[in-house]
Amino acid sequence: MATVTRGGALLISSSSSAFLAAHRRHPPRIPFLRCLGLQSNAGGRFLSVVLPLQPPSSLRRRPWCSCVPPTGMAASPEAITSPAPSSTLESPSPSSDPIKDAADGLDIRVGRIIKAWRHPEADSLYVEEVDVGEEEPRTICSGLVNYILLDNLQDIKVIVLANLKPRNMRGIKSYGMLMAASDAPHETVELLIPPEGSVPGERIWFGSEEEKEQQPDAATPNQVQKKKLWESVQPHLKTTDACVAVLGERPMRTSAGVVVCSSLKKANIS
């Protein structure tokens with residue numbers, strides 16, 4: 001709203017007829033006011049109220065109404081407007097870490113190899129049955145023949161990436177991946193080892209012990225593939241000088257402690 005004085009009339013602009021309706025429901029108690037109704041000009045719509053040429057001094061000393069003009073309408077040059085209230089700006093939220101967000105979408109679990117054997121159709125592959133806390137063990141194929149003896153894969157705990165899309169590996173469908181550290185020339189490969197006391201099926205996380213409660217639900221295998229979550233995260237997975245598996249500087253954890261490898265330092269993880 002805005003007030004404009006023209007001759008003996010006080011013009012009260014309004015973006016709707018709400019003011020006129022209120023005027024009709026509650027007529028002003030000042031007897032010399034007379035309402036002429038809503039009118040229009042270039043500045044919008046206004047309510048015209050006739051005042052005598054010599055109103056009481058109390059009305060001459062102060063404006064009867066002074067409000068902000070209707071949004072989107074040009075105010076009359078003679079309009080008297082009150083300043084718009086200042087709004088308090090909200091502090092911007094801290095930016096998220098896209099790599100950590102992608103890692104949080106991966107379903108990485110503690111697993112236990114129940115048994116392992118050579119793939120009958122592929123000389124470089126083992127086939128493992130792995131307990132990852134589900135009703136049935138998962139079948140996983142791993143290209144570890146050239147790096148780890150078969151006897152060393154029996155009844156051990158491992159780290160499993162569990163929400164990859166199943167892959168057909170020379171006639172056997174693989175439902176996940178065993179995670180391992182390797183040196184730069186990829187001549188030495190060591191499986192990641194969960195800490196003593198870790199339970200098959202527990203989902204691992206990256207960061208402090210308190211961050212476990214902040215972990216979101218894992219993405220579906222289709223989402224992992226479509227958003228290339230593993231491809232985004234894998235280059236940032238390493239081992240430290242203490243052989244601890246980390247994402248950047250965040251350690252890989254289970255409730256029992258941090259995940260490690262046997263001896264490889266500053267190694268890649270895949």
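This is a predicted model: local features need pLDDT of at least 70, side-chain atom pairs count only at pLDDT 80 or more; totals for chains, interfaces and linings use all residues.
## Basis of the model

Local features need pLDDT of at least 70 and side-chain atom pairs count only at pLDDT 80 or more, while totals for chains, interfaces and linings use all residues. Residues are numbered from 1 along each chain as its sequence is written, and side-chain values use heavy atoms, with hydrogens and water left out.

## A buried glutamate

E128 is found in strand 6, residues 126–131 (strands are DSSP runs of E, at least two residues, and helices are runs of H or I, at least four, both numbered from the N terminus). E128 is buried (under 20% relative accessible area, with a 1.4 Å probe and protein chains only), yet E128 has no salt bridge (a side-chain nitrogen of Lys or Arg within 4 Å of a carboxyl oxygen of Asp or Glu), and the nearest side chain of opposite charge, R118, is 10.0 Å away.

## The largest nonpolar core

The largest nonpolar core has 27 residues, of which M179, L192 and M252 touch the most other members (such a core is a set of buried Ala, Val, Leu, Ile, Met, Phe, Trp, Tyr and Cys residues joined through side-chain atoms within 4.5 Å). Helix 5 gives the most to this core, with 3 residues.

## Strand 8 and its partners

Strand 8 is mostly covered, since 4 of its 5 residues are buried. Strand 8 runs antiparallel to strand 5, joined by 5 bridges (two strands pair if DSSP finds at least two bridges between them), and L161 of strand 8 is the bridge partner of I108.

Terms used
Buried means under 20% relative accessible area, exposed over 50%, partly exposed in between (1.4 Å probe, protein chains only). Lys and Arg count as positive and Asp and Glu as negative; His and the chain ends are not counted.
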